[in-house]
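Hi everyone, thanks for making time this morning.

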Amino acid sequence: MQDFFICPTCGNNDLNKIGVRNGQKYCRACLPFQGQNAPKITNIPLHIPITLSYELTTEQRRIAEEINANYINKQNSLVYAVCGAGKTELVYLAMQTALARGHQIGFTVPRREVVIELAMRIKKTFPQARVISVFGDHHDALTGNIIVLTTHQLFRYEDYFDLLIFEEIDAFPYVGDLVLESFFKRSVKGVYVLLSATPSTKLLKEFPKVGKVLTLFTRFHNHKIPVPIVKRGFLLFNFMLLLKHLESFIKRKKPVLIFVPTIRLANLIYKLLRIDYKNGNVVHSKVKDNSAIIDDFKKGHYAYLVTTTVLERGVTIKGLQVIIYGADHAVYDTASLVQISGRVGRKKEESDGEVIFIVTKKNAAIKAAISDIEEKNAYLQSVLQRKAT
């Protein structure tokens, strides 16, 4: 009979992922997560105003106050809010309360690109606080009033955060990764807040056992989420559809994200597009200067970007249009299609736009994504009608 072993770091008990070195057992599941752990520090209470250039809507304020009350009462929150609802802004009040109490705040997301942008936004909101970002090789500083980090880096923070906010809980690579889930659970000392536009049915059903579910199905500007338009064809015809829509957006001077399912296809599509459309670029996990390219795109230096799902979340650009080439590919589930569609119309000044699905067939994920968006839009319409009466 084999000895039972539970990894003290990640909780792994799968014997297939347990090794033996010099007679001692070790865990191969979390072996890649080695490095300096963050020292425990005592933060000085900071009474800092929330610096925003706009006012929250009535619905946003209601959710923000509920999250704050839950935090004060040591209760967890799951915020189920549509893309473009302003989820980050909903937690600022609780963060303000935590700062005033000298509590340690963490804000975690699965992807480094989002960490970089979030840290900048939070620093503008709380300029007097020490806001640091931790991801990949960027971990020279590990302590601060507010730590913005990838979920991988949570291994450095055992029993650490009084308030831990987790955005994009349904995103790759976190979802389904038991090691990362363990790092999240062991890093929470106090209360956590989960933020998602596409939480799983399982999470929505089980969360009331550990906290409160709060819903916000209206965008902050009270405009509808663009409903995807499905274009069907085959091979060369589909590429011609891509060219047609890209040319239309460029003529209208609208920035375009072209999503494709694989890195190989991303490189190929970009190689073909740049023959006639020079002012573009490509981003995916193998591109080293992703952050610089994305930043240049936001500044208007590129008319379009060809991308994989690395830009599925965390992107807000005025006037953005989206094309998903091969939206019926297995890499796109309902949640990812909803998230990508939610990139469009996020700015109040340009709250509309187009989402084009180019496919060979309209599969179940596409139908479910469109249905989900239409349901949220119908809810918004009912809210607006009630307000009008």
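Let's begin with a cluster: Phe 166, Phe 184, Tyr 192 and Phe 207 are linked by ring pairs. By a pair I mean rings of Phe, Tyr or Trp (its six-membered ring) with centres within 6.5 Å; planes under 30 degrees apart are stacked, over 60 edge-to-face, and the rest tilted.

Before going further, a word on the source: this is a predicted model, local features need pLDDT of at least 70, side-chain atom pairs count only at pLDDT 80 or more, and totals for chains, interfaces and linings use all residues. Residues are numbered from 1 along each chain as its sequence is written, and side-chain values use heavy atoms, with hydrogens and water left out.

Across the whole structure, the search finds 12 aromatic pairs. One of them is Phe 155 with Phe 183, a tilted pair at 6.1 Å centre to centre and 50° between the planes. This pair links distant parts of the chain, 28 residues apart: Phe 155 is in the loop between strands S6 (146–150) and S7 (161–167), and Phe 183 is in helix H5 (residues 178–187). Helices here are DSSP runs of H or I with at least four residues, strands are runs of E with at least two, and both are numbered from the N terminus. The cut-offs are under 20% for buried, over 50% for exposed and partly exposed in between, with a 1.4 Å probe and protein chains only.

Now compare Phe 217 and Tyr 379. Their ring centres are 5.6 Å apart and the planes meet at 85°, so this pair is edge-to-face. Again distant parts of the chain are linked, 162 residues apart, with Phe 217 in the loop between S9 (211–216) and S10 (229–232) and Tyr 379 in helix H11 (residues 364–388). Phe 217 counts as buried at 18%, while Tyr 379 is partly exposed at 34%.

On to the largest pocket, with about 1500 Å³ of space. Among its 48 lining residues, Glu 89, Glu 117, Arg 121, Thr 316 and Lys 347 are the closest to the centre. Which element supplies the largest share of the lining? That is H4, with 9 residues. The buried residues of H4 include Glu 117, along with Val 114, Leu 118 and Ile 122.

Finally, the backbone. Most residues other than glycine have a negative phi, so here are two to look up. Leu 235 has a positive phi, near 40°; this residue is found in helix H7 (residues 235–251) and is exposed at 72%. Lys 253 also has a positive phi, near 60°; Lys 253 lies in the loop between H7 and strand S11 (256–259) and counts as exposed at 75%.

Thanks, and I'm happy to take questions.

Conventions
1 Å grid on protein atoms, 1.4 Å probe; cavity = no way out; pocket = protein on both sides within 12 Å on 5 of 7 lines; lining within 4 Å. Points joined across faces, edges and corners; volume = space filled by probe spheres on them.
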